[in-house]
Amino acid sequence: MRARIFAFSLLLASFLPGAAPLARAQDAAYQAKSASYDGIGKVWMGREIAQVMGHEGADWLERPARVGEEKTDLLMTELRRRLRPEATVADIGAGTGYFTFRLAPLVPRGRVLAVDIQPEMLRMIQYRGRKLGLANVEPILGTIADPKLPADSTDFVLLVDAYHEFSHPREMMAGIVRGLKKGGQVWLVEYRGEDPEVPIKPLHKMTEAQARREMEAAGLAWRETRGFLPQQHFMVFEKP
Ligand SMILES: C[S@@+](CC[C@H](N)C(=O)[O-])C[C@H]1O[C@@H](n2cnc3c(N)ncnc32)[C@H](O)[C@@H]1O
């Protein structure tokens, strides 16, 4: 267990260039504090924002043990139940595309917008998309404050283990809400902050209460929280 926490810590030690200046950014909407070992010293709604996982951690995202640890197969079963073949779904903070490439076959007449801020991650997605001959995966290079979704374009936004590391959560969520169609949903998957047994560093987890506060501040309505995953909350929010 300790070894896993340590391995995860090492991965998180590789940060994006510019993370330090970000930590110093004094946006009036945010508070500043001295940075925790896994944080950037910037506080949103009482929560210190976590450091971004660098692309050097790509192998960790694709590790074979992930399916056993996180039951990603159960998550996909849940998403399959909710998706329509013609849906547009945005995988934001897509990383290597772990979920992008599991979503793409479920929306054969729709598309998956795979958004990340690291060009290295997008290159991996582009390469894999071409190799698999998938025409419905669209990589998008977002910025730290804008997911670059076309307005009113998206039925569902999937955020897996990514939201807690958005350096500009307020601006990112404004962009996500703009990109969602009316009635569109955000599916937020975060390690459970309430559970000390979940072997992940504190700032890389979120409590349900905190997640609800932040999503509701973005103008989304909470619909449900499901507890079928061993380590994460699955939360559903809707654009009214
Ligand atoms: C821990 S990884 C999770 C990747 C993927 N969702 C998964 O579960 O395999 C988080 C990803 O979020 C990305 N990220 C961080 N801030 C972002 C932002 N503002 N917009 C888009 N992606 C962001 C990082 O570059 C990283 O690839």
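Biologist: Which residues come nearest to the ligand?
Modeller: Gly93, Gly95, Tyr98, Val160 and Ala162 come nearest, out of 23 residues around the ligand. A residue counts as near if its C-beta atom, placed from the backbone, lies within 6 Å of the molecule. Please note that this is a predicted model: local features need pLDDT of at least 70, side-chain atom pairs count only at pLDDT 80 or more, and totals for chains, interfaces and linings use all residues. Residues are numbered from 1 along each chain as its sequence is written.

Biologist: How does the shell divide into nonpolar, polar and charged residues?
Modeller: The shell has 16 nonpolar, four polar and three charged residues. Here Ala, Val, Leu, Ile, Met, Phe, Trp, Tyr, Cys and Pro count as nonpolar, Asp, Glu, Lys and Arg as charged, and the others, Gly among them, as polar.

Biologist: Now to β5: is it buried or exposed?
Modeller: Six of the six residues of β5 are buried, meaning that 20 or more other C-beta atoms lie within 10 Å of a residue's own, with C-beta atoms placed from the backbone. Strands such as this are DSSP runs (E, at least two residues), numbered from the N terminus.

Biologist: Which way do its residues point?
Modeller: Arg111, Leu113 and Val115 point one way from β5, and Val112, Ala114 and Asp116 the other way. In a regular strand the side chains alternate between the two faces of the sheet.

Biologist: And which residue of β6 stands opposite valine 115?
Modeller: That is isoleucine 140. β5 and β6 pair in the parallel sense over five bridges; pairing requires at least two bridges found by DSSP.

Methods:
Buried ≥ 20, exposed ≤ 12 C-beta atoms within 10 Å, placed from the backbone. Helix = DSSP H or I, 4+ residues; strand = E, 2+ residues; numbered from the N terminus.
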